Each structure stands twice: as C-alpha cells, then as structure tokens.
Protein chains: 2
Amino acid sequence: MIRTKEKLTVVKVGGKIVEDLQSLKQLLSDFSKIEGYKVLVHGGGPLATAVATQLGIESKMVNGRRVTDAEMLKVVTMVYGGLVNKQIVAGLQAIGVNALGLTGADLNYMCSVKRPVTDVDYGYVGDVKQVNDDFLADLIAKGVVPVLAPLTHDKLGNLLNTNADTIAGEAAKALSTHFDLTLIYCFEKKGVLTNENDDESIIHKLTPNLFEKYVTEGIIQGGMIPKLENSFQSLRAGVKEVIITRADLIHTVGGTKIIL
Amino acid sequence: MIRTKEKLTVVKVGGKIVEDLQSLKQLLSDFSKIEGYKVLVHGGGPLATAVATQLGIESKMVNGRRVTDAEMLKVVTMVYGGLVNKQIVAGLQAIGVNALGLTGADLNYMCSVKRPVTDVDYGYVGDVKQVNDDFLADLIAKGVVPVLAPLTHDKLGNLLNTNADTIAGEAAKALSTHFDLTLIYCFEKKGVLTNENDDESIIHKLTPNLFEKYVTEGIIQGGMIPKLENSFQSLRAGVKEVIITRADLIHTVGGTKIIL
C-alpha cells in the first residue's frame, strides 16, 4: 500500500531580507500563508558583516564565501543562531506559527566536517555529512515550523558556519523521505530569466534537457549554474520540485519550477 | 491508580561559569552525570556586558538587574540565544547529550509581559505570564535535554530579557506536573552557610520554619532571602526539592536541600 505523503515546503531566504525588520515582517506574513507543513531556512550574511565591523572584526570573503576564524565564528553564532533566528521565531509566533529555531547542533539534526584546507583555509566552515531528521519530521507532523540557522556542528563540540542554500538542500532531501517536498529558493528576480534585462522573461518550467540547452546557448550562466545543478541533485535525491522565485511571491504559484 | 512520575532535574547555572570555556566544559561534564531527565538553564550576564562594551554599548544596571533598551536587547538576544546557548548545545552533543537550545519564543514555551514602568524603566524585560510545557515535556520524555536561554517573548513579536533564576523556577513549576522534579541552583558556595566565612558551615536541610528562624537571627540575609523565598514558592507549586549548591557538585549529593 502506498501511503500518500503530506505536503512540506522548505523555504530558503537570504540575509538581505532578514536584516530589515519591515521586509522580514512581510516575508513572515507571506511565509505563513503557504499551505501545509513548512520549514524556513535563513541566511544572515549582511548582518554578520555589520556586527563584525561594529566589533572591529574584518570580514574576509573568498569566492563569495566567508572565511570564518574563531572570532568570526562567535559573530555568526551570535547573529545567525541568536539575533536573526530568534527574531524570526518571535515574529512567527506573533502571527500564530509555532516556530522552533534550530542550529544543526540542536537535536543533533545536522552534522558536518570542518572543510579541509586546500588552497584556501575557510576556517570554521562545515561540509554537511549527516542529517538526523527523525525528531524534525516528528515535530513538523505535530505542526511545529522549524526555523533553521546556517550553522551545523561536528559532534566534537564545535559549531561550523554552513551555507544556507546547502542547509536548505540537505534538510529538504532528508525530509523528502517523510513528506511530499517542495523546496523554494528566494531570489531577487521573479525566477530564472531568459533575458536578464527583462524581469518578465521567466522560464516557468526547467527540466535537465532545457537546462543543458540554455547553458549551451549562454542563456543560463554564472552563479545560476551551480544553483540549478544543486536543484537537480535535490530532485534526484527525492525532492519533488524546486522553485526559484522572488521572496514576495513564495505564497503564490509562480517563479521557475525545476523538475526532472 | 497513581502513576509514578519519572525524575527530572532542572539545573540553573549563572553567567560566570558559562563565559569561560574550561569551566563550561567541566560543568557540562558534571551535568551529563546527573541521572534521569535533565534541563539546563543558563545565564550569560558577564558575557553580554563584555560584548556590549566591545560594541560601544553601555550596560546599565538598577538593583542588580540589567536595563534592556532596544540595542541591549539585540546584544542579549545574540549572546544568550546565540553564543552561550549554542556553545552549550554543541558541547553537550559532543558528550552524547541530545540537547535542544530554546528561548521562550521557541515552541511558544514561555510567554511574558513587558515589565510595567514604575520608578524604574527596565525596558525590554519580561515578567513570566504563561508556560506551555506540553511540547517540552514530550521532548524530555523522549530523551531530549532542553537548554533554556534567559529570554522570553510577548507573543507580539518581541523577545524580552528575563532573569535566568525566574526561567528555571517557572519551567520547574510547570514541568512538575509531569515529572518528579528537583531544581538545582548553582551558587559560588557549597550551599547556604550559617557562617559566610566558613565554607563548610552548610545548612544541609532548610524548611520554612528553619528559614524564618535563620532570617530572624540574621544568619540568612541579603540576596539569599528572595532566592529562598522563591524556592519555597516553587515547592508549594509542586517542585519536590530545591537544592542550592556549587556548580562542581551538581552531580553529587550535597549542598542545601530546601523542602517543605
């Protein structure tokens, strides 16, 4: 007998939206309108940079990723695990969403290993190794809405800074064994565009074949390529659909739907 | 039929122990040795003061309590909800304790109201109004160890700075309906002393009658009086015993046992 899985939507929002209280409030309102079970994954990079600067700590980026030394790890633990995460949780509770803020250390839900030093030493940055989703799936089924901060742990007592897109993808893959899973990545545009100067030139459906065609033609390029490759990988691992859309459209049908 | 309740120990530790990584590690090791179900409640005041100073924010105390304006609320949200709480959670996970860090906003487990302004305006400080312990009790019974930060929320979207002793007392009272509850307050001395210059002059058992006698005789005085009054109040609300002891002795039989 095949049991019908219930719908779960994992939404990832970047750090720009969450640092402004007004845009955050709008986001939480839109997020609360998504039907069915929900998980919110947030970034917090711009705010971490601002707090680090105020503390006299320099932010160092390599290939768009933050180098996280011991001092910067304290900053991101404070900003991602504390300030951003708890403001979101309190904001959701205020509109009747029973949120629970988590880092990967909480309930041991996401373990990682410190990224090996090659030509770059990223410091306390984690590559995800294992997701323990049993507690999470159980809580979600009881109506709890997890709010995931971009921090994991190594089970040796260290927190590790972890890319929020990765957290969203790994959580979605693991939870897809329990739920009929939609993964939404918020983006500054309404979707993946065929013409970056035309905001309405949205690719509504993207399959692996179409993706290859657009890459060959140079229509899809740059940072969007790894993002979409990761999306296809999530789909192959059990996620039902990945949607790339603008934050204010997460509760509507729209954006680019990525399917196999 | 009377069902035997299982034992739960709620331990409250102050901010001095948690700010030093070495003393924190020892504390977590001692805490993990307590048999049965466990909850850890932590402070973080000295670290909040240090971070505030580094950020150029002045800490203002009135009657030993922190005045929490909007900027200070951000600091305590970062330090209590993020840095301290998540370091404890990661540290406990490293020694096999399945910790879950929580503020009162998470799972809506502790609601408060912003303290009314009288002669002092404490700012974003919460007086506890309601404890929703169903999720918490359920998680504890499944082996999860909640780690409670001294922050509550008002259900209107605001986090509120809340005394860690109060959090411990309120959580203990609520959880005593589900568990056979011991509440341990860590203290710099081995217990309540009859002679403050003699660290071994511990009062091993303290009842309301003895307490009144010692207060009348001037043996118990100062800040210890409200602490003990709160302890008796917890006992009257269902907590089985309150113990005041030194942090390194929490896993042993010792300290001052407060009973009705």
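Strand S1 (residues 7–13) of chain A is joined to S11(A) by six bridges, and the two strands run parallel. Strands here are DSSP runs of E with at least two residues, helices are runs of H or I with at least four, and both are numbered from the N terminus. Two strands count as paired if DSSP finds at least two bridges between them. Within this pair, A:Leu8 has A:Leu181 as its bridge partner in S11(A).

Before I continue, a word on the source. This is a predicted model, in which local features need pLDDT of at least 70 and side-chain atom pairs count only at pLDDT 80 or more, while totals for chains, interfaces and linings use all residues. Residues are numbered from 1 along each chain as its sequence is written, and chains are lettered from A and ligands numbered from 1 in the order in which they are written.

How many of the eight residues of strand S11 (residues 180–187) of chain A are buried? Seven are, so S11(A) is largely enclosed by the rest of the structure. A residue is buried if 20 or more other C-beta atoms lie within 10 Å of its own, exposed if 12 or fewer, and partly exposed in between, with C-beta atoms placed from the backbone. S11(A) is also joined by six bridges to strand S13 (residues 241–246) of chain A, again in parallel, and there A:Tyr185 stands opposite A:Ile244.

Let us now view the whole sheet. Eight strands of chain A form an open sheet with mixed pairing, in the order S5-S8-S2-S1-S11-S13-S14-S12. Strands S5 (99–102) and S12 (205–206) of chain A stand at the edges with a single partner strand each, so one side of each has no neighbour in the sheet. S13(A) and S14(A) pair in the antiparallel sense over three bridges, with A:Val242 opposite A:Ile258 in S14(A).

Two helices deserve mention here. Helix H6 (residues 164–175) of chain A packs on the sheet, touching S1, S2, S8 and S11 of chain A, and its direction makes about 170° with that of S1(A). Helix H8 (residues 224–236) of chain A lies across S11, S13 and S14 of chain A, at about 50° to S14(A). Axes are lines fitted to C-alpha atoms, for helices over the stretch in contact, and angles run from 0 to 180 degrees between N-to-C directions.

In the segment after strand S14 (256–258) of chain A we find A:Ile259. Because A:Ile259 has 15 C-beta neighbours inside 10 Å, this residue counts as partly exposed. Leaving out residues up to four places away in sequence, A:Ile259 touches A:Lys205, A:Thr207, A:Leu235 and A:Glu241; two residues are in contact if their C-beta atoms, placed from the backbone, lie within 7 Å.

Finally, the two chains. What rotation superposes chain B on chain A? The rotation is 180°, with 0.0 Å of shift along its axis and an RMSD of 0.1 Å, which is the relation of a two-fold axis. Copies are superposed by least squares on the C-alpha atoms of residues with pLDDT of at least 70 in both. Among the residues of chain B, B:Gly82 comes closest to the rotation axis, at 1.8 Å (C-alpha).

In the interface, 31 residues of chain B are in contact with 31 residues of chain A. The largest share of chain B's side, 13 residues, comes from H4(B). Of the interface residues of chain B, 100% are also interface residues in chain A, so the copies meet through the same surface.
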